[in-house]
Amino acid sequence: MTANDLVTPHGVKVLVCGADGRELSGGDTALELIGDAMGCHAEVVAVPVDRVADAFFTLRSGVAGDVVQKFANYRIRLVVVGDITARVAASEALRDFVREANRGDQVWFVTDRPELEQRLAPA
């Protein structure tokens, strides 16, 4: 199992989840990650796309809404890291969700860690 890392780009504490571990598949697994983040005072949780359940990307399943709501309730930002180009191309609803999420501050979809770090940089 790959351990999680705590990094601090631009003064923001980010819990970077390892490639191995429980799949982010709903509110219960969201709460586990939130607990881990709170334990190390992280403001952001970065989860590799490979650890995100397929149902998360099927918006009508409700998984994304459940997960995002949990993170919003605890005021911890969620970042999905990895290439979701094919998923976005296959779903207009997902494309709209990702676009709107990336306009805000609560949930982001980024391609890699350098892009995450760039987004965290002060304006």
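This is a short exchange about terms applied to a predicted model.

Trainee: What makes the chain as compact as a globular protein of its length?

Mentor: Start with the elements: the chain has five helices and five strands. The radius of gyration is 13 Å, close to the 14 Å that the globule rule gives for 123 residues, so the chain counts as being as compact as a globular protein of that length. Its C-alpha atoms fill a box of roughly 35 × 35 × 25 Å along the principal axes.

Trainee: Why is Asn102 called partly exposed?

Mentor: Its relative accessibility is 22%. Buried means under 20% and exposed means over 50%, so a value in between is called partly exposed. Asn102 therefore counts as partly exposed. The residue sits in helix 4, residues 92-103.

Trainee: How do you know that the side chain of Asn102 reaches the backbone nitrogen of Phe109?

Mentor: The distance is 2.7 Å, and the cut-off for a polar contact is 3.5 Å. Phe109 is also among the residues in contact with Asn102 once neighbours within four places in sequence are left aside; the others are Val107, Trp108 and Arg119.

Trainee: What is the relative accessibility of Leu31, and what does Leu31 count as?

Mentor: Leu31 has 36%, so it counts as partly exposed. A residue of a patch needs over 30% relative accessible area. Leu31, in helix 1, makes a nonpolar surface patch of about 290 Å² together with Met38 and Tyr74.

Trainee: How much of the chain is buried?

Mentor: Buried residues make up 41% of the 123 residues.

Note on methods:
Residues are numbered from 1 along each chain as its sequence is written. This is a predicted model: local features need pLDDT of at least 70, side-chain atom pairs count only at pLDDT 80 or more; totals for chains, interfaces and linings use all residues. Side-chain values use heavy atoms; hydrogens and water are left out. Helices (H or I, at least four residues) and strands (E, at least two) are DSSP runs, numbered from the N terminus. Buried means under 20% relative accessible area, exposed over 50%, partly exposed in between (1.4 Å probe, protein chains only). Contact means heavy atoms within 4.5 Å. A polar contact is a pair of N or O atoms within 3.5 Å; within protein, one must be able to donate a hydrogen and the other to accept it, and residues adjacent in sequence count only if both atoms are side-chain atoms. Patches are made of residues with over 30% relative accessible area and no salt bridge: like charges are joined within 9 Å, nonpolar side chains (Val, Leu, Ile, Met, Phe, Trp, Tyr) within 5 Å. Accessible areas come from the Shrake-Rupley method with a 1.4 Å probe; for residues, only the protein chains shown count as cover. A salt bridge is a side-chain nitrogen of Lys or Arg within 4 Å of a carboxyl oxygen of Asp or Glu. The radius of gyration is taken over C-alpha atoms; the globule rule is 2.2 Å times the number of residues to the power 0.38.
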